[in-house]
Amino acid sequence: MSSRRSRISDDEINELISKLQSLLPESRRRGSNRASATKLLKETCTYIKSLQQEVDDLSDRLSDLMAGMDDNSVQADIIRSLLSS
């Protein structure tokens, strides 16, 4: 096995940065103005953290909802079926 690593070209890096920029809501609002790679990576980390917080909040709300619901109710069955899909 070779110890050489495949190098990513500058063009490939630029393409990946552009794709990443198109996925971030803040970057889309800015339009075509290209942010630096460092700023873009910081924005990405911030966005991922905000998404994780949103998942945690929704999970807490769902837990509270399920706790106040009869386990044999139609609503509980619907929620369980959605969670298992």
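I looked up the salt bridges and found that the structure holds 2. I took a salt bridge as a side-chain nitrogen of Lys or Arg within 4 Å of a carboxyl oxygen of Asp or Glu. I note that this is a predicted model, where local features need pLDDT of at least 70 and side-chain atom pairs count only at pLDDT 80 or more, while totals for chains, interfaces and linings use all residues. Residues are numbered from 1 along each chain as its sequence is written, and side-chain values use heavy atoms, with hydrogens and water left out.

**Entry: pair in H1**

I found Glu15 in a salt bridge with Lys19, with 3.2 Å between the closest N and O atoms. The two residues are 4 apart in helix H1 (residues 10-23), so about one helical turn separates Glu15 and Lys19. I took helices (H or I, at least four residues) and strands (E, at least two) as DSSP runs, numbered from the N terminus. Glu15 is partly exposed at 45% relative accessibility, and Lys19 is partly exposed at 46%. For these words I used buried for under 20% relative accessible area, exposed for over 50%, and partly exposed for in between (1.4 Å probe, protein chains only).

**Entry: pair in H4**

I found the other bridge between Asp77 and Arg80, whose closest N and O atoms are 2.7 Å apart. Both residues lie in helix H4 (residues 74-84), 3 residues apart, about one turn of the helix. Asp77 has a relative accessible area of 42% and is partly exposed; Arg80 is partly exposed at 35%.

**Entry: negative patch**

Glu54, Asp56, Asp57, Asp60 and Asp64 form a negative surface patch. Patch residues have over 30% relative accessible area and no salt bridge, and like charges are joined within 9 Å. I placed each charge at NZ of Lys, CZ of Arg, CG of Asp or CD of Glu. Asp60 is partly exposed, with a relative accessible area of 48%.

**Entry: whole chain**

I counted 4 helices and 0 strands in the chain, and along the sequence the pattern reads α-α-α-α. Of its 85 residues, 14% count as buried. The chain exposes about 7400 Å², with 54% of that supplied by carbon and sulfur atoms; I took accessible areas from the Shrake-Rupley method with a 1.4 Å probe. Among contacts (heavy atoms within 4.5 Å) between residues at least 6 apart in sequence, I noted that 5% join residues at least 24 apart.

Technical notes: Patches are made of residues with over 30% relative accessible area and no salt bridge: like charges are joined within 9 Å, nonpolar side chains (Val, Leu, Ile, Met, Phe, Trp, Tyr) within 5 Å. Lys and Arg count as positive and Asp and Glu as negative; His and the chain ends are not counted.
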